[in-house]
Amino acid sequence: MTRTNSLVSHFECYYCGTAYDLEHTEFPCPECGGILDPKYDYDDLDISRNEIESRNGSMWKYRELLPILDSDNIVSIGEGNTPIVDCPTLAEEMGVARVAIKDEGQNPTNTFKDRGASASISGASQQGIEMVAIPSAGNAGQAASAYAARAGIDCHVVLNYQSSDIQKTMVEAHGANLHLVDGKLNKAGGKFGDLRDEHDWYTVATFQTPFRHEGKKTMGLEIFEQFDWDSPDHIFYPTGGGVGLIGIWKAYQELSRLDWLEDDTPPSLHVAQSSGCAPVVEAIENHDEEHDAWECPESIGRGIEVPDPGASPWILEAVYETGGTGVAVSDSEALEKALTGARHAGIEMCVEPAAALAGAMQMAEENKLDEDDEVLIINTGAGNKATDALSYALE
Ligand SMILES: Cc1ncc(COP(=O)(O)O)c(C=O)c1O
Ligand SMILES: [Zn+2]
């Protein structure tokens with residue numbers, strides 16, 4: 001065993017507080033169905049910010065703050081360590097001091113989902129699991145199948161027919177078992193539940209495995225390090241299940257707890273959704289503590305077409321505690337801004353992150369951003385994931 005020196009101690013349910021040891025494989029919380037969250041002994045950390053800065057490579061440079069104990073169980077294909085790309089033309093257009101894009105499209109399977117997949121498949125490996133399963137709109141399934149292949153773990157991926165050819169083909173190219181179901185993500189989720197119960201599958205689904213959001217947390221750890229242990233004023237995040245946003249929120253809380261931040265003011269975390277499926281934005285507008293499920297979701301940004309995000313109380317906590325907001329944009333606005341990102345900044349975005357750029361630009365237009373603000377957009381996935389949709393936007 002090669003120790004990672006991870007500070008992880010146990011899992012704790014976000015809702016009912018029940019603690020579980022690290023061998024626990026029954027997800028979500030058997031007591032209440034809640035999300036299991038890894039907990040750490042931060043007081044035992046004996047590395048400095050300088051030590052972290054001197055490390056190169058993948059998201060596993062933050063291994064002390066990840067829940068894997070033995071390096072041999074880390075399943076990595078070079079995920080994370082993505083650049084922050086300055087976009088002065090966009091800053092000028094928006095009338096703010098700085099606009100930067102965290103380009104998660106540069107991950108191995110071209111989305112930020114690789115971080116969650118790396119952590120959750122490493123977690124499965126740590127728990128001695130030989131088969132994993134996941135329902136997905138497409139990108140998470142593609143990422144999971146890549147990491148499972150790398151680990152030599154069997155993988156079942158439940159997608160719906162609307163997932164893209166790239167996603168379906170790559171899942172099978174990685175050797176995973178592809179199950180296609182009718183209907184949208186919620187139907188795929190329902191079908192997944194039936195199959196999981198029937199086959200006793202070990203799930204790496206969003207907020208069921210306790211490992212996945214920890215991988216996404218590294219996106220936040222990187223952001224703060226890349227901003228010299230400080231925060232941008234605003235972060236715009238394309239929100240479906242909210243895993244990445246919660247990951248960034250948890251990263252902020254950890255670094256604040258470790259006293260590693262130059263200034264303890266958090267970045268305002270803004271939820272961007274499609275106006276065809278905006279349950280979290282609606283909850284924010286109503287100052288609610290949780291969302292109401294959206295009856296008829298309709299967006300071509302499949303990753304943010306999530307009508308019933310189970311973690312909404314945690315997402316809303318992050319938004320309210322950081323002074324964030326919610327902003328909904330139409331698919332056509334998102335597509336238009338995907339072209340703006342490509343033409344004015346050279347950045348290739350798929351539809352979901354383009355909704356975040358569109359949301360930020362909408363808030364700038366409404367004079368809700370200040371001229372000395374620093375704005376960060378999370379480009380969760382590369383443009384090549386959505387060439388069909390983007391081609392419609394071309395005149
Ligand atoms: C490209 C892209 N962006 C954003 C999201 C939403 O992610 P989250 O679950 O972190 O809200 C997804 C989820 O499928 C996605 O594929
Ligand atoms: Zn619980």
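This is a predicted model: local features need pLDDT of at least 70, side-chain atom pairs count only at pLDDT 80 or more; totals for chains, interfaces and linings use all residues.

Mentor: Let's start with C350, which counts as buried at 3% relative accessibility. Buried here means under 20% relative accessible area, exposed means over 50%, and partly exposed is in between, with a 1.4 Å probe and protein chains only. Residues are numbered from 1 along each chain as its sequence is written, and chains are lettered from A and ligands numbered from 1 in the order in which they are written.

Now for the sulfurs. A disulfide is a pair of cysteine sulfur atoms within 2.5 Å, and a search of the whole structure turns up zero of them. For C277, the nearest cysteine sulfur belongs to C296 and sits 10 Å away, and C277 is in no disulfide. C277 is buried too, with a relative accessible area of 0%. As for C350, it's in no disulfide either, and its nearest cysteine sulfur, that of C87, is 16 Å off.

On to the rings. Phe, Tyr and Trp rings (for Trp, the six-membered one) pair if their centres lie within 6.5 Å; planes under 30 degrees apart are stacked, over 60 edge-to-face, and the rest tilted. By that rule there are eleven aromatic pairs. Take F11 and F211: their ring centres are 5.6 Å apart and the planes stand at 90 degrees, so they are edge-to-face. That pair links distant parts of the chain, 200 residues apart, with F11 in strand β1 (residues 8-13) and F211 in the loop between β9 (202-203) and α7 (212-226). Helices (H or I, at least four residues) and strands (E, at least two) are DSSP runs, numbered from the N terminus. F11 is buried at 0% relative accessible area, and F211 also comes out buried at 0%.

F27 and Y202 make another edge-to-face pair, since their centres are 5.5 Å apart and their planes at 70 degrees. F27 sits in the loop between β2 (19-20) and β3 (36-40) and Y202 in strand β9, so this pair ties together parts 175 residues apart in sequence. Both are buried, F27 at 10% and Y202 at 7%. Ring pairs also join Y14, Y15, F207 and W314 into a cluster.

Last stop, ligand 1. A polar side-chain atom of N139 lies 2.8 Å from an oxygen atom of ligand 1, and one of Y237 lies 2.5 Å from an oxygen atom of the ligand. G241 uses a polar backbone atom, 3.1 Å from a ligand oxygen. Taken alone, ligand 1 exposes 400 Å², and the protein buries 96% of that (Shrake-Rupley areas with a 1.4 Å probe).

Conventions: Side-chain values use heavy atoms; hydrogens and water are left out. A polar contact is a pair of N or O atoms within 3.5 Å; within protein, one must be able to donate a hydrogen and the other to accept it, and residues adjacent in sequence count only if both atoms are side-chain atoms.
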